[in-house]
Amino acid sequence: MAKTLKAEVESRRTFAIISHPDAGKTTMTEKLLYFGGAIRDAGTVKGKKTGKYATSDWMEIEKQRGISVTSSVMQFDYDGFRINILDTPGHQDFSEDTYRTLMAVDSAVMIIDSAKGIEEQTLKLFKVCRMRGIPIFTFINKLDRQGRPPLELLAELEEVLGIESYPMNWPIGMGKEFYGIYDRYNKRIEQFRVDEDQRFLELDEDGEILGNHSLKESALYTQALEEIMLLDEAGNEFSDEKINNGTLSPVFFGSALTNFGVQTFLETYLQFAPSPQPRMTNEGKIDPTSEGFSGFIFKIQANMNPAHRDRIAFVRICSGQFERGMNVSLARTGKQFKLSQSTQFLADDRSTVNAAVSGDIIGLYDTGTYQIGDTISEGKRDIHYEKLPQFTPEIFVRVTAKNVMKQKSFHKGVEQLVQEGAIQLYKTYRMEDYILGAVGQLQFEVFEHRMKNEYNSDVIMESIGSKIARWIENEKIDESLSSQRSLLVKDRYDKPLFLFENDFALRWFQDKNPNVKLYNPMDEHD
């Protein structure tokens, strides 16, 4: 069994796609699924009028806005590999969901718009990958449109991100005069918009097109050759080791929308991307090929199937083999139970999974057992994987049910959506009023939309603006310290915290109450 488990694990590639909104992330996901035979017809996010939506954008609000707001998981097989793609939200208001998703992958694919270069959201997500030493593969997209010079894009990549780059291929022209890519790694030219039998051109020993070809007469081809010569002489050297520790990014050029360069990227990525890696626990690092199933929950999603009001906990398997019906224990509570209902994903299309190994992402039907960050393991082992980052909310609203008669569905909806981790719930001490906190405004809009559509509960949200949340170390607290400017509330675990109006209010409170020790949980992850 050990040999087959090892071979199974080594065939896994689990990655997230990170980018700024609109750089082409969901389109890229679609095209990869298309190559894996998982979908027959890759729809693009923009094609709204056709009624065809991208497979990975399954929530109603995503279809209306054309953005991804929750991380989807998709699995497919290609060329002997089993690939798990985690599609992350591009919108900055959902960065917490994305951060947690990045804890569950072994590598990341960064997509950059060739006209815009490195954008703010890409930079933020990139920093998380660097912090974790995750290998990063870069796809510079939209070469079929006019963009910035490729050498300028490479320089920006290295300067802004502080990472070395190695172009695996190089564009010949762009926009209306985009002829294709010079494939440095496979030593061939891949032509754009030609019949399949003319797609690849062979190169001679000097790296030029073999025989006569019209492309040889193009000034853009000559320019590409000159730039490649420059890269050969002055560019970075290719290094497997540097790719693996996340300090050198292989760079690919192409166009996801026209499906150009995507297959070449996928095949090269599979050769160099790491299989599942050992992960840190309270007992030290655990090898993915070791016997004994274990994993952690990085995401909880309610109502993936609105007809069944279900909730799914997403588990990243970190060691051993999962088998449906096996007994596991939950590290946080010490409780043991049977995993009988499990699922695998192709966006909202799910099938029951009977077996899975390290690197795979499975879904467990959840009736309220799990929390984000929970570790589950086979038998009675008491192992805990590293804590997942929890963001401190910055903006807050009071929320109540519009219809007093629908309190039950209101409370159920709030409870389930809070467990997903995108919004956080607080209650005031005396009245137990509900206050929601989030990293960004869009999370409240999604919350309101989902409460109405999934729980049939209209809500009234009253903004109380931005606040500074600080928890209290010595948990016994004098309730009379609560005021308009320093509001005392409880979080969903009944831990007390203050919501301060601003920095001044926070400093004033600390001066007046030096015996009350305050802390910010995010500091533990900085």
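Predicted model: local features only at pLDDT ≥ 70, side-chain atom pairs only at ≥ 80, totals over all residues.
Numbering runs from 1 along each chain as its sequence is written. Local features need pLDDT of at least 70, side-chain atom pairs count only at pLDDT 80 or more, totals for chains, interfaces and linings use all residues, and side-chain values use heavy atoms, without hydrogens and water.

**Stop 1: the helix pair.** Select residues 25–35, helix α2, and residues 262–272, helix α9. Helices here are DSSP runs (H or I, at least four residues), and strands are E runs of at least two, numbered from the N terminus. The two axes come within 10 Å and cross at roughly 75°. That makes α2 roughly perpendicular to α9 (65 to 115 degrees). Now show side chains: Met28, Lys31, Leu32 and Phe35 meet Val262, Gln263, Phe265 and Leu266 (heavy atoms within 4.5 Å).

**Stop 2: Arg12 and Asp360.** The whole structure holds 20 salt bridges (a Lys or Arg side-chain nitrogen within 4 Å of an Asp or Glu carboxyl oxygen). Select Arg12 and Asp360, paired at 2.8 Å, N to O. Arg12 sits in strand β1 and Asp360 in the loop between β21 and β22, so the pair ties together parts 348 residues apart in sequence. Both are buried (under 20% relative accessible area; exposed is over 50%, partly exposed in between; 1.4 Å probe, protein chains only).

**Stop 3: Asp232 and Arg184.** Their closest N and O atoms are 2.8 Å apart. Asp232 is exposed at 53%; Arg184 is buried at 10%.

**Stop 4: Glu432 and Lys490.** This salt bridge spans 3.2 Å between the closest N and O atoms. Glu432 is partly exposed at 40%, and Lys490 is buried at 16%.

Note on methods. Axes fitted to C-alpha atoms, helices over the stretch in contact; angles between N-to-C directions. Parallel < 35°, antiparallel > 145°, perpendicular 65-115°, else oblique.
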